[in-house]
Each structure stands twice: as C-alpha cells, then as structure tokens.
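Have the sequence and the 3D view open as you go.

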Amino acid sequence: MAAPNNIYGGGGRRSAMSSVDFYRRVPKDLTEATSLGALMSICAISVMGILFLSETLAFARTTMRTAIALDENDQPQIRLNFNITLMDLHCDYVSVDVWDTLGTNRQNVTKNIEKWQLDESGQRRIFSGRNRDQREVVHEEHEETLEELHEDGAQAVELTPDSFKPFLMSHEMAFIDMYAPWCIWCQRLHPTWEKFAEEVYSQGMPVGVGKVNCVVYGQLCKDEKVMAFPTLRWYKGGEAILPDYKMDRTVAALSGYAKRKLEMEQKYKDWEQKNANDPSNKRGRPNAGKSRPEHPGCQVSGHLMVNRVPGNFHIEAKSVNHNLNAAMTNLTHRVNHISFGEPITKLPYHMENTPFMRKVKRVLKQVPEEHKQFNPMDDQEYITTQFHQAFHHYIKVVSTHLNMGSSSTVNDVNSITVYQMLEQSQIVFYDEVNVPEARFSYDMSPMSVVVQKEGRKWYDYLTSLCAIIGGTFTTLGLIDATLYKVFKPKKL
C-alpha cells in the first residue's frame, strides 16, 4: 500500500506546482490551424523583424547632449597661445604687454616669446631671438649747452625739404639725424650730434652731417619712412643705407661708426680698381655701400600665463631708446593663431604624437563641428588703411568639457577640457599724438559647456526587445481572434 501513497503524494505536489504555471500547454488536438492565422503569423514575424532592426540601430547610435554648468575649474591661471604677424612694425619696436583687473601690469613681457624679422613677402628672414629687455644705449653728458656749441657756428646742417636732396648729392657720404624737438632722447642727443659734427670737420672726414626737424618738415620724414625719433641714417650717393644706426650715442661711438663706413667704402673702391678688367670676379668683394633689405615686418609668437579674470594683452610700438612716431605707426596685423589652454592645433611635428595629443585627436574626431570654436581668429588679417587707428579684439572664453566616453568623470580617457572662443573686432581711432596698439581683450565665462556623448543602456535595449516581441504577438493575436470570429462560418 506504500506505493500508491507515494504516487498520490507526488501527484499532489505536481498539481500544486502546476497551479502557478504561466505557460500552460494546450493539447495539439485542441488547436486549429487556419489560413488567416498563417497570414497573421507572417505579419507578426515581419513586424517583429522590422522593429528589432530599428531598435538595434537606435541602440548602436549615440547622440550628443549639451548642457550648461558652473565652471568648477580652480586653476588660478590659464595659458594664452598666440602667433601674430605685424605687417609694418620692426621687431625692435614690438612690445607685448599684459594687464588685468587684479592689477597685473607687465610691460614688454619677455618669457616664452620669440620674434622673427620678415621680408617683403612676409617670410621669416632673420631670427630676432627670444623677446628680451631692450638694451639702453649710452648717452654722453656735456658741460656745454647746445647754444654754447653754436656760438662759433653750427656744424650739423639744419636741412629742409628744398635742401635735403641737394645736400645728399653734394656729399658722397652723409649722416643725418631725424628728430622731433619734443623727444627727450633727441634733446639729449643734440649736443652730442653737434660735437660729432665738429669732430668730423676737424678730422676732415668726407662725411656730411645734417639734421631734419620732423615736426616742422613732417612730410619729408614720412617720405623717408621715419618710424622713431631720433633716427640716425647713413646715406651714400643720395640713397639710404640700412639698417639705421642703433648703437651708443656718444661722440666716440658715432665717430667710430663713420670711420668704419669710410674704411669699408675705401676697401670697396680698392677692390673695384683691382678687378676693373674682370668685373665678373666677385671673390673677396667687400660688402660696403650696399643697403641691406630691412622690411619692417615682425612675427611675434609664444604663450602667456594670465589670470582667470578679465584682462587684455596688447602689442604696442615701444622703445626704451626712442620715441615712436605716431604718424608712421601702422598696426596692421595677421592673426596666425590665438587660443587658450594647452595648444591642440597647429603644433610642431614633434608634438603631434604625444599621448595627450593622441587622446585629443580621439575625442575631437567624435565632436560635432559646432563645438570646435577653439581658434576662430586663425589666419585672419586686420588691415588698417590709415594711420592713427588700430583693431581692438574682444574675446569671450568659454570652458568646454568634452566627454566622449561612458564615464562622466573629467579624468576619463575619453574626456578632455578645452576652451572655445567668441570673438568680435572693431577699429579704434587714436589722437595724433598717441601711438596705436593692437589690443586683445579677454573675459572668462563663469559658466562652462558640457558636451556629453549619450547612448542607450543595455537593459533598456533588452526591455524594448521584450516589449516588441510581446506587444506584437499580443496585438496581432487579438486581431487574429477578432477576424476569426468575424469570418468564421456559422453553423446551421
């Protein structure tokens, strides 16, 4: 009797388990296959396939989400990178200054800045070296005043537009001081220049010493392209020999310069006589009496560490040994590059394959173009057609966090922080006595832009697939049942 009890007990447990069966089987004998059911099955499979494919493509596709957040960057300074070409300003007169609202006022910044002298086609010709403090020339102090030196007559001839060319043509060699009476350096030079003229006369040097008042004869100095006072220029046969004299302003230094010029000229003449029968022989020819091309163009580049507050950096024509001629200062410039933060574009070859740059390239490849306003001023020219004017630029700097990975942390391997710029430029007019400057004003936005790549989660994808299968099966099952009842043949 034990066996039946076990059988009944087991059957009871199976009955209890079967009562919670969600997937009860219908005996095959009780099912009926119809043409309508087959059609609905084919429709269900087609709909499920289309929805499955669409859902899979949507799962594989990512979207970009943009948000605005408070900038949490706690670094006190930011790097400012620039490369600017001054079309008509000599490197000797280029000064980079920085100012901000915290009271920073740095004049002629020299750290991490380089200068290149350019030729007339804008190509880099001479490396002017890293920007450095300008050397102050030595001035000579004299016991006699200029009036006392003029008591026996002025040896330095005061030239006018009418006498300038005849004076140059009447002297094979001439040394001219182009000055402005209000210039402090010119005032200090006047007694020295007169004594130098007396020295030239006493030693019988074949050099004409003259001077031009550029305030009275402004057009003459414009024609001679005098950019700073005093300009000490050597002439030979009526033609200017460049570059201008920029050494010490003492009688001994000026006399030594004149003697060297004459000695080189004499050597050149001796060489000409020696090779008169063979003019094609240029071997050993002294380089005298020839003007070296000196186009007043300068490319200044480097980077500055500036405080994260409103401020500006400006490029100004300035010299510790001259007063700039405001009437001839042209600040036409080309912005080759300007950006904030670590440089990520226009890098030298050796910096292209660093780990940081590989990370940057990987992230930027996924970022839409509208979020790549890192250097909108690059390769733009800002031309001023008249003197006494210059472009001022206003830049809004916006911190931008690009997160192209699954993690939301800033230090993720697929996340970088860059700086976008909004720029506006306009021409500013200056008074005739003020020297123009190319100014770049910047302001840091307190808000930052977060660009996040978003994709669907795997569990969201599985939920959608289950909904597609179940929903399609149920919906088409209801339609099939309804149509079956409608079109079922009625029994008589």
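Cysteine 214 and cysteine 221 are both buried. They're also bonded to each other: their sulfur atoms sit 1.9 Å apart and form a disulfide. Keep in mind that you're looking at a predicted model, and that distance comes from its coordinates.

The structure holds 2 disulfides. Besides the pair above, cysteine 91 is joined to cysteine 298, with an S to S distance of 2.0 Å. This bond ties together distant parts of the chain, as its two cysteines are 207 residues apart. Look for cysteine 91 in the loop between strand E2 (77-86) and strand E3 (94-100), and for cysteine 298 in strand E13 (residues 297-307).

Here the torsion about the S-S bond is about 100 degrees, so the disulfide of cysteine 91 and cysteine 298 is right-handed. Are these two cysteines buried or exposed? Cysteine 91 and cysteine 298 are both buried.

Now number the bonded cysteines along the chain, and the disulfides follow the pattern 1-4, 2-3.

Cysteine 183 has a relative accessible area of 0%, and cysteine 186 has one of 1%. Buried means under 20% relative accessible area, so cysteine 183 counts as buried, and so does cysteine 186.

## Helix H9

Which residues of H9 are buried? They are Tyr461, Ser464, Leu465, Ile468, Thr472 and Leu476. Part of what covers these buried residues of H9 is another helix, H2 (35-60).

## Zooming out

Time for the whole protein. It contains 9 helices and 20 strands. Of its 492 residues, 41% count as buried. The accessible surface comes to about 28,700 Å², and carbon and sulfur atoms account for 56% of that.

How about contacts along the chain? Take the contacts between residues at least 6 apart in sequence: 80% of them join residues at least 24 apart.

Notes:
Residues are numbered from 1 along each chain as its sequence is written. This is a predicted model: local features need pLDDT of at least 70, side-chain atom pairs count only at pLDDT 80 or more; totals for chains, interfaces and linings use all residues. Side-chain values use heavy atoms; hydrogens and water are left out. Buried means under 20% relative accessible area, exposed over 50%, partly exposed in between (1.4 Å probe, protein chains only). Helices (H or I, at least four residues) and strands (E, at least two) are DSSP runs, numbered from the N terminus. Contact means heavy atoms within 4.5 Å. A disulfide is a pair of cysteine sulfur atoms within 2.5 Å. Accessible areas come from the Shrake-Rupley method with a 1.4 Å probe; for residues, only the protein chains shown count as cover.
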